[in-house]
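Colleague: I would like to go through this model with you, one residue at a time. Please define each term when it comes up.

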Amino acid sequence: MSYKLYRALKAIGYSLLIWTIGFVWGTVVFMTPALSEIAAIDYISKMPAISIPVLIAYLLLIPYLSKRYLENAVDKIVEATALGVTFLAINALLDLVMYLTIYDQDYYAYASIWISYALLLILPPYVGKRIQD
């Protein structure tokens, strides 16, 4: 049993795609006054116009990308777990770099970011378990 990603560059590319989609949507929201003025939801989301659509996109995108990644994997559950860890690590690192250096320091005080991290980590193994032969 190997915990190496069997297609590491593809996993990293998918991770970057997931993060970029959230970043681009966040940029659109920040540049649109009507969207950026939507009030925060206490303890849940500072920017619900960003987090709610991104969470919905994650629910659709992560299973799709996971299934594509795992098509030819021998041990889909192990590979899916490694994929989920890769998704989480890259997205958390990019969030840390972006949000703690440019944006507010209270980014991690809201549940929406932790929910998105949980989806990044949990959905790939769920898909792997579902499609394991």
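Modeller: Helices (H or I, at least four residues) and strands (E, at least two) are DSSP runs, numbered from the N terminus. This is a predicted model, in which local features need pLDDT of at least 70, side-chain atom pairs count only at pLDDT 80 or more, and totals for chains, interfaces and linings use all residues. Residues are numbered from 1 along each chain as its sequence is written, and side-chain values use heavy atoms, with hydrogens and water left out.

Colleague: Is Val-29 buried or exposed?

Modeller: Val-29 is found in helix H1. Buried means under 20% relative accessible area, exposed means over 50%, and partly exposed is in between (1.4 Å probe, protein chains only). Val-29 has a relative accessible area of 0%, so the residue is buried.

Colleague: Which residues does Val-29 touch, not counting those up to four places away in sequence?

Modeller: Contact means heavy atoms within 4.5 Å. With residues up to four places away in sequence left out, Val-29 touches Leu-35, Ser-36, Met-47, Ala-49 and Ile-50.

Colleague: What kind of aromatic pair do Trp-19 and Phe-23 form?

Modeller: The ring centres of Trp-19 and Phe-23 are 5.1 Å apart, with 15 degrees between the planes. Both residues lie in helix H1 (residues 8-31), four residues apart, about one turn of the helix. Trp-19 is buried at 13% relative accessible area, whereas Phe-23 is partly exposed at 27%. The pair of Trp-19 and Phe-23 is stacked.

Colleague: And what kind do Trp-114 and Tyr-117 form?

Modeller: Trp-114 and Tyr-117 are three residues apart in helix H5 (residues 111-131), so about one helical turn separates them. Trp-114 is partly exposed at 48% relative accessible area, and Tyr-117 is buried at 6%. Their centres are 5.7 Å apart with 85 degrees between the planes, and the pair is edge-to-face.

Colleague: Which residue's ring does Arg-7 lie over?

Modeller: A charge sits over a ring if NZ of Lys or CZ of Arg is within 6 Å of the ring centre and within 35 degrees of the ring normal. Arg-7 is at 5.3 Å from the ring centre, over the face of Tyr-69.

Colleague: What is the phi of Tyr-43?

Modeller: Tyr-43 lies in the loop between helix H2 (33-36) and H3. The residue counts as exposed because its relative accessibility is 67%. Most residues other than glycine have a negative phi. Tyr-43 is not a glycine, yet its phi is positive, at about 65 degrees.

Colleague: Where is Pro-63, and which residues does it touch, not counting those up to four places away in sequence?

Modeller: Pro-63 is in helix H3 (residues 48-69). Its relative accessible area is 22%, so Pro-63 is partly exposed. Pro-63 and Leu-120 are 57 residues apart in sequence, with 9.5 Å between their C-alpha atoms. Beyond four places in sequence, the residues that Pro-63 touches are Tyr-58, Leu-123 and Val-127.

Key
Rings of Phe, Tyr and Trp (its six-membered ring) pair if their centres lie within 6.5 Å; planes under 30 degrees apart count as stacked, over 60 as edge-to-face and the rest as tilted.
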